[in-house]
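Here is a friendly walk through how the chains of this model meet. Take a look at the structure first, then read on.

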Amino acid sequence: MQNEFLPLLYSFHFYLFGLIAIAAALAFVTRKSPVAAAMWLVVTMFALAALYVMMDAQFIGVMQVLVYAGAIMVVFLFVVMLLNLGHPSEISDMRGKWGRIFGGFVGLALLAEVLTLTRNPMDLRLIVPAIPASVNATGGIIGNVAGSLFHDYLLAFELTSVLLLIAIAGAVVLGKKRNANS
Amino acid sequence: MLQAPTPTGHPLSDTVAQFVWLLPLLPLLGFVLNGALSLKAAAKIGPSDPSANGHDHGDAHSDGAGAAVHHTEADHDDSHISHDDHPVVRHRYAGLVSLIGPGVLVLAFGLAVAIFTAMRSVDMAQPFVDTLFRWMPVSDMRIDVALQLDPLSMVMVLVITGIGALIHIFSVGYMQDDPGYPRYFAYLNLFVFFMLLLVLGANYPVMFVGWEGVGLCSYLLIGFWFSDKANADAGKKAFIVNRIGDFGFLIAMFLLFANTGALDFAGIAANIDKLPAGGAVVTAICLFFFLGCTGKSAQIPLYIWLPDAMAGPTPVSALIHAATMVTAGVYLIARSSLLFSMAPVASLTVALVGGLTALFAATIGLKQWDIKKVLAYSTVSQLGYMFVGVGVGAYTAGVFHLVTHAFFKALLFLGSGSIIFAMHRAYHAAHNHSDDAQDMRNMGGLKKYMPVTWVLMWVATLAIAGIPVFSGFVSKDAILGAVFERAQGSTLASSALLGIPGSTILYIVYAFGLAAALLTAIYMTRMMLYTFHGPNRTGAGAEASLREAPWIMTGPLVVLGVLSAVGGWLNLPEFLPLGPQGVFDKWLEPVVGDATTRIAAGGGALAPSTEQALIGTAVAIAIAGIAIAVVRLKPAALVPKKNSPEATGFAKVLEHKYYVDEAYDKAIVQPVVNGSKYILWKGVDVGIIDGLFVNGAALFARAAGWMGSQLQSGQIGTYAWVLVLGVIALLGAFARVH
Amino acid sequence: MIAEALTLSAVLFAIGVIGVLTRRNAIIVFMCVELMLNAVNLSFVALSKLYGATGQVFVIFVMTVAAAEAAVGLAIIISIFRHQESVNLKDINLLRG
């Protein structure tokens, strides 16, 4: 739809999802119960997925939902429930008052620093992308990404598959129950 | 010993004088040999502990209570006596030591006489300097170990070796039963070595080596019977008080070098125009030198060690506290006559302090009961006279009094040594271990038992009182005459000290001198009366055993007696035409003549009538003193010490020496001790050094270690913190770059 | 949009850091790390609009590695829990010394 309201609508949605993401992240950080925290993190991830789609990274958005929210967070929740950590513990697992104050302060300091450093270092609009990630005639919405992935970064791709294999093996080994002899 | 070739060009170069280095070397050799024997014996039979033979030398009694603990008068009864009860083993090396100890002194005296003879036939306008080796070459400054022979040093050498030899011979008898016999002679020889270095030094540093060395030997010898703490304390007191004087000597040397660039006598004389005459610098130098003199020669305010030094053996008191060491100060001023003649204020100070000391010590001597204490204060008083002499620029008179005083004071001390020796023998024979052998109240009527000593000591008393024509009369009169002469007109009379005109001060000094002469006659006669005349108070048992000391001790006494009587012939004044006039004056003229002339400038010689009046006054006072003592003092009224009543009133003040020691204790010693204890020890040492630096360093190390250990705590939370902080820091670094 | 996206990414990252510093439960700390990774992913995607497909490719890799890391990490946490019954960071200090 190419009318004069599109940019406005776009901005509105951007800010909407952005605020949802921030609010959910804050909620996530402050929950006592691990399960609640995990849920809030899932919300954050959904918001981010929406943002990805808005930024023409549809494949990434879908991957975010499927892999991150759907697999990784599920694993987290599995482990929480496996270890029966769902209930907020008697001993608070948050640092004391001063710890939280200092933590907040340090985080804000980091934020301030990053924002200061990235304050318009360059004009973001003037550089023409080498390979635009826009819609490709032949490949559809992920044509360019796939082409880049399987041509330029093939080795890295193969290596990640090896990495996943090792991770699986490692997770199995580490998670095994050990009896007294081994 | 490395030797540079003896300097050519001096008339003495090819004579026996080139062996001048042998003079200090002989006593040093004696020290080494005797010391080795002492150690060898100690290795076999144990230390030469003063109480090794079982006798307790420890009755350190103080006559009259009241002295503070720090200054307990160590009247030590010296001389270990053998008697029938327990056989005393003489030291196994006694024979060898008796040969070596006095032997080296006799040899040294012989050499000194030979050199003196050579000097007499030669013109000694220039001193003969024998450089032994380079000591401290530092850029422009070059200090050598060099010995100087000139009339002044020769006089001192003769006195030291001559009287030293006599005293060594006396000691052979006096110390015969002491287990520390070789150690004694080792120390005594070492003392003579240092004293010879002092007087033979051609520059101030060598003199200072001798100066300090004699202080050391004084400490060693005063505390010879160190197992009694009071004796050790007396030794310490002497050394510490001397040290204060040494500080003055050092400052004077520094000032001298800074202003003239030289420290040897010839160099200073050559550069003397760098010091403006009468200026502050010269005065400061002289005053600091005089501070050294007050320490070494026991003047006010540092005389306090000399009476306590009587804790040492009597021959030690005779040698170093009467004849030689305490005269080092007078020698120093005579040697520095050039400087003192340029600083009238300093010279006036010297004369004033000397006069005051002479009078002050004489008053104390009036009421002392220990025979050695009387002589000690007498020494202080006579030293005051010598300083008056050199203070008013009559250097020859002062040094001459030094020589005659050496004769009669050594005689008096050795005589008292004989008395004490005899008293000890008597008490031991009577198994009396409690009475004080040195207290005059326990003596009396000894002329019956010790006639030789009696006669000789009267000779010495007459000499010290100033009866013509004994030696003391000639020298004392020369000094007093010089004071009066300067008072009438001289650079001293024209200047002022603290606003008071110099002539007034000199007249006051003259009055002090006369008063002191009167008191000297009185207390010396008192001593003789109480000791030798009247009834005997030793106690029936002991009295029977009193007898004269052996000839090895009385022999030297005789020699000294003759010298005390005829010593005056060395410097006969004009009104006594009994022989060659002023031999001593002429002898010392090359050394001190210029300085004397400079000080006397502005005045003339005394009119003969004035001179006769002065002499008459002096003689009259001396005779009056003796008469007063004879008439007013009743030896028969005395009782032995243990029964004697406590003194009262002013007599008590005198007996307690004006409580000076107690005053020093309260004013100086206690604050220093307390300050050291609370500020320096508890404050600085424990608090700051131990607490802050030592413990603090340990604490700091622990804290640093704790902080470091936090890096490895294993706490992941801490690691995360550090990580984030590191990231912030790194980003901050980038921020700076932009 | 890109600038705002980058700002949002920075904020989410800071929130993740605060979470890591503040929480003592090991699993929650882990999840905060995931949040930080997500923030970075957002940054990459935003910048890929400027610099091309490489950004998105990198996001794929990040997600893959995050998955592997989550698997292994949680396996470790399980084995720690078996050892000492607690996932409080205070008790996990065997790296001490």
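Across the interface of chain A and chain B, one residue pair is in polar contact, with both residues at pLDDT 80 or more. Keep in mind as you read that this is a predicted model. Salt bridges between chain A and chain B number zero under the rule applied. Sorted by class, the side of chain A that touches chain B holds six nonpolar, two polar and two charged residues.

How many residues does this contact involve? Chain A brings 10 residues and chain B brings 12. Together, chain A and chain B bury about 790 Å², and 79% of that lies on carbon and sulfur atoms. Three residues stand out on the chain A side: A:V106, A:E113 and A:L117 supply 60% of the area that chain A buries against chain B, more than any other three residues.

Now turn to the contact of chain A with chain C. Here 76 residues come from chain A and 64 residues from chain C. The buried area is about 6500 Å², with carbon and sulfur atoms giving 78% of it.

The table sets out the two interfaces side by side.

| Interface | Buried area | Share on carbon and sulfur |
|---|---|---|
| Chain A and chain B | about 790 Å² | 79% |
| Chain A and chain C | about 6500 Å² | 78% |

Which residues form the salt bridge between chain A and chain C? The partners are C:K49 and A:D56, whose closest N and O atoms are 4.0 Å apart. Several helices of chain A take part: α1 (6-30), α2 (34-54), α3 (58-82), α4 (97-117), α5 (143-152) and α6 (154-175) each supply at least two residues of the side that touches chain C. By class, that side of chain A has 55 nonpolar, 13 polar and eight charged residues.

Finally, consider chain B by itself. Chain B contains 26 helices and four strands. Its C-alpha atoms fill a box of roughly 110 × 70 × 55 Å along the principal axes. Among the contacts in chain B with a separation of 6 or more, 81% link residues 24 or more positions apart.

Technical notes: Residues numbered from 1 in each chain as written. Chains lettered and ligands numbered in written order. Predicted model: local features only at pLDDT ≥ 70, side-chain atom pairs only at ≥ 80, totals over all residues. Heavy atoms only, no water. Contact = heavy atoms within 4.5 Å. Buried area = accessible area lost by both parts, 1.4 Å probe. Salt bridge = Lys/Arg side-chain N within 4 Å of Asp/Glu carboxyl O. Polar contact = N/O pair within 3.5 Å; in protein donor to acceptor, adjacent residues only side chain to side chain. Nonpolar A, V, L, I, M, F, W, Y, C, P; charged D, E, K, R; others polar.
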